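Colleague: Hey, I'm new to this one. Can you walk me through what's in it?
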Amino acid sequence: KTSDFLAFARVVKGRSVKIDTFGVPATTKVVAELKETLVDGASVWSILENAGVRMTEKASCAACLGGPQDTFGRMNEKALKCISATNRNFPGRMGHKESQVFLASPYTVAASALTGRITDPREMLG
């Protein structure tokens, strides 16, 4: 949802992610809001892209639901680990049944993307 992306943007603004990071808006409304919502004069969408987040305009719940193999952001390999701000988790939820998915707040997901490990976001927030 838009508020999750806004929280994420507040952490990563002016920084660069260290690991593969995917932004998958669930609806076209969220895509539009991310492009229209400004933080210090920059759109949330541009803040995320400038931080190295791979964004998609193809709004979908497929990544969170472990959609088809070619789904943007899907966990296709058993050795993959992911931290996500989605709302539920079980084996295979985001793809391969042996991948590991850790659920966290958007702030923790953002801080973790910046460090490459699960990170307390308080060290990065003003």
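This is a predicted model: local features need pLDDT of at least 70, side-chain atom pairs count only at pLDDT 80 or more; totals for chains, interfaces and linings use all residues.

Colleague: Good to know. What volume does the largest pocket have?

Modeller: The largest pocket comes to about 1,100 Å³.

Colleague: And how many residues line the largest pocket?

Modeller: The lining has 40 residues. Nearest the centre of the pocket lie Phe22, Ile83, Ser84, Ala85 and Met94.

Colleague: How does the lining split by class, nonpolar, polar and charged?

Modeller: There are 24 nonpolar residues in the lining of the largest pocket, plus nine polar and seven charged ones.

Colleague: Switching topic: how many residues does the largest nonpolar core have?

Modeller: That core has 25 residues. Phe5, Phe8, Val12, Leu34, Val44, Leu48 and Met55 are the ones with the most contacts inside it. Helices H1, H2 (28-36), H3 (44-50) and H4 each put at least two residues into this core.

Colleague: Which helix gives the most to this core?

Modeller: H1, with six residues. As background, nonpolar side chains in soluble globular proteins tend to be buried together.

Colleague: Okay, loops now. Which residue has a positive phi although it is not a glycine?

Modeller: Asp40, with a phi of about 50°. For context, most residues other than glycine have a negative phi. You'll find Asp40 in the loop between strands S2 (38-39) and S3 (42-43).

Colleague: Why does Asp40 count as exposed?

Modeller: Because its relative accessible area is 70%, and exposed means over 50%.

Colleague: Then the loop between S5 and strand S6 (100-103), where Phe90 is. Why is Phe90 called partly exposed?

Modeller: Phe90 has a relative accessible area of 46%, so it falls between the 20% and 50% cut-offs. Its C-alpha is 15 Å from that of Glu77, 13 residues apart along the chain.

Colleague: And where is Asn89 found?

Modeller: Asn89 is in the loop between S5 and S6. Asn89 is partly exposed, at 34% relative accessibility. Asn89 and Phe102 are 13 residues apart in sequence, with 7.9 Å between their C-alpha atoms.

Colleague: Last one: where is Cys61 found?

Modeller: In the loop between strand S4 (54-55) and S5. Cys61 is partly exposed, with a relative accessible area of 41%.

Colleague: How far apart are the C-alpha atoms of Cys61 and Pro25?

Modeller: They are separated by 7.8 Å, while the two residues are 36 residues apart along the chain.

Technical notes
Residues are numbered from 1 along each chain as its sequence is written. Side-chain values use heavy atoms; hydrogens and water are left out. On a 1 Å grid over the protein atoms alone, a cavity is a set of points where a 1.4 Å probe fits but cannot get out, and a pocket is an open set with protein on both sides within 12 Å along at least five of seven lines; lining residues have an atom within 4 Å of a point. Grid points are joined across faces, edges and corners, and a volume is the space filled by probe spheres set on the points. Ala, Val, Leu, Ile, Met, Phe, Trp, Tyr, Cys and Pro count as nonpolar, Asp, Glu, Lys and Arg as charged, and the others, Gly among them, as polar. A nonpolar core is a set of buried Ala, Val, Leu, Ile, Met, Phe, Trp, Tyr and Cys residues joined through side-chain atoms within 4.5 Å. Buried means under 20% relative accessible area, exposed over 50%, partly exposed in between (1.4 Å probe, protein chains only). Helices (H or I, at least four residues) and strands (E, at least two) are DSSP runs, numbered from the N terminus.
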